[in-house]
Amino acid sequence: METLVVELPTTVEEWAELSPAELDAKVRELDVAVRRVEAALVGATDVADRTGHHQLDGHRSASSWLMATTNCSRGEATARARTANLVRESTTVADEFVAGRVGVAQVRELARLAANPRAGDQLAGSEEILLEAAQSLEFADFRVVAKRWEQLADADGAHTEHERAHDDRNARCDFDGAVFRFETAHGVVQGTSMRQVFESFCSAEFDRDWQWVRDTYGDDASSSLMPRDAKQRRADAFVAMVLAAAAAGTGDGRTIDTTV
């Protein structure tokens, strides 16, 4: 049985003694250790499930055994049980996980795909590609890849999901104290069109700021001199988009007065 040894700074002073490069290295070392410990917990979960160990204390599943044994949340227990099912079927993923070469979140996303009742049996054919993506891409980008694979592998489920998203579309606005909030939810078709329009207005706001910086500072122009930050430009882009729509009027010819 392997012993995992990691030196842990425990005080602010000990952390502060590390150089920037040492701090980066220590965080990476700790992350690998977390991955390996999680892989060990998943291995224990797999054994408890396969041998029926969880039934000794009257637990109906390995997940409920985990909740009682470690006092973790139901979501955490479910994620570990799913991951146990994945590594049981995939020695490649299991080996990379145990070695700490793939992240916990990435393995859990693969386990979620494997648990899909309509697409999980197709994962083996794409395992190497998805694992490589999990190890090489930022997590947000990997999740996009995983979602796309799931949509292709589970065409019926994806179609139903898109229909549900379109049926559940919504928009609302209200004041939260001194802040006005506008929130919308749409299906992919409407959302894609809206994003294209919004990003165009965002680009226009960026160009306006950059032109001001160039006119004001000339050769000393720098993005750090922009008068607005990205989130402010996005907010102003949204207002510009709404005002442009107001100027065009409604589809049935109504005019809109935006005077406050």
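A nonpolar core is taken here as a set of buried Ala, Val, Leu, Ile, Met, Phe, Trp, Tyr and Cys residues joined through side-chain atoms within 4.5 Å. Buried denotes under 20% relative accessible area, exposed over 50%, and partly exposed in between (1.4 Å probe, protein chains only). The model is predicted; local features need pLDDT of at least 70, side-chain atom pairs count only at pLDDT 80 or more, and totals for chains, interfaces and linings use all residues. Residues are numbered from 1 along each chain as its sequence is written, and side-chain values use heavy atoms, with hydrogens and water left out.

The largest nonpolar core comprises 24 residues. Within this core, L86, F97, L110, L113 and W149 have the most contacts. At least two core residues come from each of α2, α4, α5 (91–98), α6 (104–114), α7 (123–136) and α8 (139–153). Helices are DSSP runs (H or I, at least four residues), numbered from the N terminus. A second core is separate and has 5 residues, among them A48, W65, C72 and A77.

Contacts (heavy atoms within 4.5 Å) were then examined for individual residues. Neighbours within four places in sequence aside, L110 is in contact with L86, V93, L123, L130, L131 and F142. Q106 lies in helix α6. Q106 is buried, at a relative accessible area of 12%. Residues up to four places away in sequence not counted, Q106 touches A134, F139 and F142.

A kink of about 35 degrees is centred on I129 in α7. The bend at a residue is the angle between axes fitted to the seven residues ending there and the seven starting there. L123, S126, E127, L130, L131, A133 and A134 are buried in α7. The buried residues of this helix pack against α4, α5, α6 and α8.

Charged pairs were examined next. Side chains of opposite charge can pair when their charged atoms come close. The structure contains 23 salt bridges, each defined as a side-chain nitrogen of Lys or Arg within 4 Å of a carboxyl oxygen of Asp or Glu.

One of these joins the side chains of E29 and K26, at 3.0 Å from N to O. Both residues belong to helix α2 (residues 20–51) and lie 3 residues apart, about one turn of the helix. An α-helix has 3.6 residues a turn, so residues three or four places apart point the same way. E29 is partly exposed, with a relative accessible area of 35%, whereas K26 is buried at 11%.

Another salt bridge pairs R80 with E38, with the closest N and O atoms 2.9 Å apart. This pair links distant parts of the chain: R80 sits in helix α4 (residues 74–89) and E38 in helix α2, 42 residues apart. R80 is buried, with a relative accessible area of 10%. E38 is also buried, at 7% relative accessibility.

E96 forms a salt bridge with R101, where the closest N and O atoms are 2.9 Å apart. E96 is buried, with a relative accessible area of 16%. R101 counts as partly exposed at 47% relative accessibility. Salt bridges also link E205, R208, D209, R228, R233 and D236 in a network.
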